[in-house]
Amino acid sequence: MCCGFRNNMMSDTPAMRGPGTVLSGPAAWIGADMVSKEDEWLVELSDCDIAELENAARHYLSLGRDVGEITAQDFPLKSFAKHLKCLRTKLLAGIGLEVLRGLPVSNYSQEFVATIFCGIGAHLGSARSQNAQGHILGHVRDTGANSKDANTRIYQTAERQSFHTDSADVVGLLCLRTAKEGGRSLLVSAVSIYNRMLAERPGLLEKLFDPIATDRRGEIPKGAKPYMEIPVLSWHQGYLTVFYQRQYIDSAQRFEGAMRLSSSHIEALDMFDALANDPQMHFGMQLEPGDMQFVYNHTQLHDRTSFVDWPDPNKQRHLLRLWLSLPGDRPLPEIFKQRYGSIKIGDRGGIITTETKLHAPLDAQA
């Protein structure tokens with residue numbers, strides 16, 4: 001496949017973008033710059049913000065409904081709703097990430113925390129299922145799962161995750177407890193990785209637009225293959241979209257029908273990984289209890305370093321997770337139906353199988 005990558009041009013207008021375009025704009029950030037521009041992505045919640053979120057949570061809980069059924073209308077916000085509208089714009093058309101800091105989670109029950117988190121999510125978009133069981137509220141912690149098992153999802157272990165995207169427009173994390181050591185969050189711009197590869201190795205970059213197989217890790221929709229065939233990078237209607245999980249690409253090679261990775265594909269994937277891991281390209285943060293991190297999956301990659309947990313189960317690292325579909329988002333190519341089911345804007349993403357029934361488990365073991 002020839003994409004004509006060597007014919008470079010600069011553009012910020014979607015209608016003018018395509019193969020060979022050098023991308024600029026706020027999503028094309030460099031990690032070294034983000035470290036010195038903390039005020040662009042870190043927002044401290046005020047006392048008024050916290051009080052408004054708490055009042056909205058009390059109102060919703062008084063309705064006696066499951067947290068998984070929460071809507072923006074049932075989680076009433078006034079001034080903070082304006083910030084969440086700005087946050088949505090920052091995710092879709094800005095730098096693609098934000099951290100909200102200062103929620104006093106140690107004062108709350110897990111149900112109360114989950115209500116606030118899901119309520120914020122409802123103002124941003126619609127929550128999506130994160131597994132075959134239909135969990136819209138995920139629990140990110142080391143479950144003791146075997147990382148060598150091809151059906152294990154890496155977030156269930158304490159090992160390094162590697163840079164990847166999740167299967168939704170936006171991923172949100174809320175930190176309840178930190179590990180004894182490690183577990184640092186890392187972020188990198190896929191747009192900037194693309195620009196570097198375009199400048200340095202355009203021939204290799206072309207390989208990332210091939211239908212590379214990604215393992216479903218046992219969560220297979222009816223009639224689907226046990227792997228997806230979605231390129232790492234896709235151009236569609238002037239938007240460059242990333243879809244990536246290297247461990248799952250490697251494990252998909254176990255399937256007979258999966259496209260074989262050539263030496264050039266492997267070299268391209270290795271370069272993509274090397275750039276993501278370049279300290280000048282990415283930046284990191286230690287999420288503190290109460291921090292809420294939101295990341296736009298179509299332009300950004302996220303990662304988590306390995307960690308050593310506390311021996312006491314009540315102190316062990318624990319984060320809540322949301323997958324969200326946002327209104328006003330970019331169009332996605334047809335091939336994303338393999339993962340998203342529907343590619344309808346505002347109603348797409350997640351993991352759906354015949355057994356899926358949406359709910360929000362408050363217990364990490366549910």
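Predicted model: local features only at pLDDT ≥ 70, side-chain atom pairs only at ≥ 80, totals over all residues.
Helices are DSSP runs of H or I with at least four residues, strands are runs of E with at least two, and both are numbered from the N terminus. Residues are numbered from 1 along each chain as its sequence is written, and side-chain values use heavy atoms, with hydrogens and water left out.

Start with the whole chain. The protein chain has nine helices and 18 strands. Of its 366 residues, 56% count as buried. Buried means under 20% relative accessible area, exposed means over 50%, and partly exposed is in between, with a 1.4 Å probe and protein chains only. Now contacts, meaning heavy atoms within 4.5 Å. Take those between residues at least 6 apart in sequence: 79% join residues at least 24 apart.

Phenylalanine 294 and glutamate 98 are 196 residues apart along the chain. Their C-alpha atoms are separated by 5.4 Å. Phenylalanine 294 sits in strand E15, residues 292-296. Its relative accessibility is 0%, so it counts as buried.

Next, the helices. H2 covers residues 47-62 and H4 covers 110-124. H2 has 16 residues and reaches 23 Å from first C-alpha to last, close to the 22 Å expected. That expected span is 1.5 Å times one less than the number of residues. H4 has 15 residues and reaches 21 Å, close to the expected 21 Å.

How do H2 and H4 cross? Their axes come within 9 Å and cross at roughly 105°. Axes here are lines fitted to C-alpha atoms, for helices over the stretch in contact, with angles from 0 to 180 degrees between N-to-C directions. H2 and H4 are therefore roughly perpendicular. For the cut-offs: under 35 degrees is roughly parallel, over 145 roughly antiparallel, 65 to 115 roughly perpendicular, and the rest oblique.

Who makes the contact? From H2, it is Leu53, Glu54, Ala57, Arg58, Tyr60 and Leu61. From H4, it is Glu111, Phe112, Thr115, Ile116 and Ile120. By class, that is seven nonpolar, one polar and three charged residues. Ala, Val, Leu, Ile, Met, Phe, Trp, Tyr, Cys and Pro count as nonpolar; Asp, Glu, Lys and Arg as charged; the others, Gly among them, as polar.

H4 is mostly covered, with 13 of its 15 residues buried. In H2, the buried residues are Asp49, Ile50, Glu52, Leu53, Glu54, Ala56, Ala57 and Tyr60. They pack against strand E3 (42-44), helix H3 (79-93) and H4. Just after H2, glycine 64 takes a positive phi of about 70°.

Buried or exposed? Arginine 217 is buried, at 7% relative accessible area. Glutamine 237 is exposed, at 55%.

Now two buried polar side chains. Serine 325 is in strand E18, residues 318-325. Its relative accessible area is 0%. A polar atom of its side chain lies 3.2 Å from the backbone nitrogen of arginine 348. Beyond neighbours within four places in sequence, serine 325 touches Gly125, Ser126, Arg128, Asp169, Gly346, Asp347 and Arg348.

Asparagine 297 is in the loop between E15 and strand E16 (300-304). It is buried too, at 1%. Which backbone nitrogen lies 2.9 Å from a polar atom of its side chain? That of aspartate 166. Setting aside neighbours within four places, the contacts of asparagine 297 include Asp166, Asp169, Val242 and His302.

Last, helix H8, residues 263-276. Its 14 residues should span 20 Å at 1.5 Å a residue, and the end C-alpha atoms are 20 Å apart, which agrees. Its buried residues include His265, Leu269, Phe272 and Asp273. Among the elements covering them are strand E9 (185-189), helix H5 (190-200) and helix H7 (246-251).

How values were computed: Polar contact = N/O pair within 3.5 Å; in protein donor to acceptor, adjacent residues only side chain to side chain.
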